[in-house]
Amino acid sequence: MCGIVGYVGAQESIPILLEGLERLEYRGYDSSGVAVQHDGTMTVCKAKGKVSALHALDLPYGMPGPGIGHTRWATHGEPSDANAHPHVDQSGRIAVVHNGIIENASLIRERLEGQGVVFSSDTDSEVLPHLIAAAEADDLVGAVRQALAVIEGTYGIAVLDSRDPGCVVVARNGSPVVIGVGNGENFIASDPAAIVRYTQQAIFLEDGDMAVVRADGFQTFRLDSTETMKRAETINWGLDTYDKGDHSHYMHKEIFEQPEAVQRTLSGRLDPQSSSAHLGGIDLEPRDVLRLRRVKILGCGSAYYAGLAGANLIERLARIPTEAEPASEFRYRNPIIEPETLYVVVSQSGETLDTLRAVQEIKRKGGRVLGVVNVVGSSIARESGIGIYLHAGPEVSVASTKAFTCTVAGLAVLALHLGRVRDLGAGDGDRLIAGLNALPDQIAEILKTEDHIAAVAERFVRSTSAMFVGRVGGYPVALEGSQKLKEVSYIHAEAYPSAELKHGPLALIGPDVPSVAIVPDDELFDKNLSTVSEIRSRRGPVIAVGHTEALHEVADEMLLVPKSEPELDPLLLGIPLQLLAYHVALARGLDVDQPRNLAKSVTVE
Ligand code: BG6
């Protein structure tokens, strides 16, 4: 996944493009570049490395737009100056930035090389400027349309032509493209975050949409050149929400935003009157809920792990068979779509292509989809049609923290809603509403123990591997805890259901492999203690996460969290593991917000 940005207007474009790219760096940060078209010339500057590397180049400052920019997450061709975008045709007339994968690029390349075209990169994207330059069309939009007609795959593109001054042509299929509507100027971006300083009016293009963007306006079309009318949506989040404030990293800021973020996820949704939860956006009549035979939760990465926690909640509170599955697996195994199954798709960004394609597959087969999404107006939200917005606020750090916690809170609200339509009594409803309302303060309490967690993190700094274990509700907590440590500290951390340890993974345990054991104060407490002693009897150091001081006697370290309702405990037990991973990465001197090889959400399959 990459980030694209563009500007058309009288202002100097370089500062706008650079700031936009810096705000899109969470989407990919292995190389970047810009192109500015001015007086019939095209100036292209690009370099391997982060956007900061661009600042060192001789950029065309002082030139007004149009201009386009790109920050890359390599899929085809290793990070290098030559493989960085924008890519140009042989004459240097056409410049293109592309987010996505062109699946038939090698065939097209072969054909073009056969016609004498010389390529200067190893990327799939470079076929675009050559195809556009070769197109026989009256204008740029026509040439781009011809080029896209032979392309198979996904794209979000922005194109400049030094012969067609004053405009940028954009198109979308699978990768997000937003037009930012300004006053006498217009903006282009993969995500409103890149342009929110200049406008809060955004037009989200759909798959198959194209647009010609000029300073004084824009026209939108379908790929078949049918003209379309688009309505701008207002972006709710201001510039400050995209800044780190006094935190040294976005990850730290987003961990500490969780009390307010969870408050926003819950707000207006808990109804003490009916001892239930009210969800305005889900369009599920009580009789639909009664007819449900199954719930299937789909997502990728941390969204999938949040889905696993949600599955436990829905089974416990609504007594509907519920399971979670990685969206990418579900999509390609030709799933059996059942009319009485509710398909819940979970995504922070709402742009993860594996999840988006799963939604489209379910809808193609007539299934009922409900989205649980953070980014308003994102592709998965629009494709799902009905759903729950998390209102967690922008999440910039690649490792998800507040969005994970808010997703579990959102799924808890859904479970309460479904449960109260089925067999969950009002007493339980009241108990859970009280438990949910107490969460923000309880999270704030855990965050106050940061210094202790940072001290415990020291145990991992020189480790090469680590183990996480938990039972039932504790297992998704272990999975997400190990995911966080992997993502930001590069320690090979594995997670297992506690009882599985003795069936194999116990062989990995030893003095230099720290283990995190999720040991809540519940009916499985003794069972979890036996797992702790199993590890310690192999001299494996154990960090126990739980509710009682008594854990001191059985573990090497202890991370305590306040007790909530048993169904909600997993939500709190995961918070210390976010800070643990953060402090291990910090102590290892790593780039916490932009870990190697990853991107915030991946818009390629
Ligand atoms: C990965 C991110 O690219 O995508 C993870 O690095 C994230 O943090 C996963 O959990 C899924 O993203 P989303 O936006 O669909 O929840």
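This is a predicted model: local features need pLDDT of at least 70, side-chain atom pairs count only at pLDDT 80 or more; totals for chains, interfaces and linings use all residues.
1. Number of cavities. The structure contains two cavities of 30 Å³ or more. They are taken in turn below.

2. The largest cavity. Its volume is about 80 Å³. The lining is made up of 13 residues, and those closest to the centre of the cavity are Cys 2, Trp 73, Thr 75, Gly 100 and Ser 125. Sorted by class, the lining of the largest cavity has seven polar, four nonpolar and two charged residues.

3. The second largest cavity. This one holds about 50 Å³ of space. Its lining consists of Ala 309, Phe 404, Val 408, Val 477, Glu 480, Pro 570, Leu 571 and Gly 574. Of these, six count as nonpolar, one as polar and one as charged.

4. Where that second lining comes from. Helix H13 (402-421), helix H16 (474-489) and helix H19 (569-573) each contribute at least two residues to the lining of the second largest cavity. In terms of domains, at least three of the lining residues come from domain 2 (244-447), and at least three from domain 3 (449-591).

5. Pro 165. This residue sits in the loop that runs between strand E7 (155-161) and strand E8 (167-173). Which residues does Pro 165 contact, leaving aside its neighbours within four places in sequence? They are Gln 37 and Arg 214.

6. A distance to check in the viewer. Pro 165 and Asn 597 are separated by 432 residues in sequence. In space, the C-alpha atoms of Pro 165 and Asn 597 are 37 Å apart.

Terms used:
Residues are numbered from 1 along each chain as its sequence is written. Side-chain values use heavy atoms; hydrogens and water are left out. Helices (H or I, at least four residues) and strands (E, at least two) are DSSP runs, numbered from the N terminus. Contact means heavy atoms within 4.5 Å. On a 1 Å grid over the protein atoms alone, a cavity is a set of points where a 1.4 Å probe fits but cannot get out, and a pocket is an open set with protein on both sides within 12 Å along at least five of seven lines; lining residues have an atom within 4 Å of a point. Grid points are joined across faces, edges and corners, and a volume is the space filled by probe spheres set on the points. Ala, Val, Leu, Ile, Met, Phe, Trp, Tyr, Cys and Pro count as nonpolar, Asp, Glu, Lys and Arg as charged, and the others, Gly among them, as polar. Domain bounds come from an automatic or database domain assignment.
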